[in-house]
Amino acid sequence: KNGIVWPASLAPFDLSLISISTPDTPEVEAEAHRIHELILQAGLTVLWDERDERPGVKFKDADLLGLPARIVISSKTLKDGEVEFKLRTEEGFGVRWKLAELVEKLAAYNAGLSR
């Protein structure tokens, strides 16, 4: 329905990072940069979409690329001290991960990948 979902062993990246920000929310891009570094330190590969596009465009493009999971950071999630994590194989909305637990959650995700 929304494009292929590559298995981790074939996916060009382990996950996508989508930052949703405006000129009024530079803190979102700053936190996205920090999250990008944490993802890399966890041993994962990531495609960071920091384009100046509407969120729907970014979500659709990420789906069409077939990456198995995505992390979304926005002013709304940042205000709550969280990010949204979504596996493409699961229907519905993603789950919220606390920023304070992100390193632990990324390590668990990485350990569960079959490469």
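**Exercise 1.** How many residues apart in helix 1 are glutamate 31 and arginine 34?

Before you count: this is a predicted model, with local features needing pLDDT of at least 70, side-chain atom pairs counting only at pLDDT 80 or more, and totals for chains, interfaces and linings using all residues. Numbering runs from 1 along each chain as its sequence is written, and side-chain values use heavy atoms, with hydrogens and water left out.

*Solution.*
- Find helix 1, residues 26–41 (helices are DSSP runs of H or I, at least four residues; strands are runs of E, at least two; both are numbered from the N terminus).
- Glutamate 31 and arginine 34 sit three residues apart there, so about one helical turn separates them.
- Their side chains form a salt bridge, 2.7 Å from N to O (a side-chain nitrogen of Lys or Arg within 4 Å of a carboxyl oxygen of Asp or Glu).
- Glutamate 31 is buried at 14% relative accessible area, while arginine 34 is partly exposed at 36% (buried is under 20%, exposed over 50%, partly exposed in between, using a 1.4 Å probe and protein chains only).

**Exercise 2.** Work out which strands the salt bridge between lysine 98 and glutamate 82 ties together.

*Solution.*
- Start with the contact: N and O are 3.2 Å apart in this pair.
- Lysine 98 belongs to strand 5 (residues 95–98) and glutamate 82 to strand 4 (residues 82–87), so the bridge links parts 16 residues apart in sequence.
- Check accessibility: lysine 98 is partly exposed at 39%, but glutamate 82 is buried at 12%.
- Now widen the view: shared partners join Lys79, Asp80, Glu82, Arg96 and Lys98 into one salt-bridge network.
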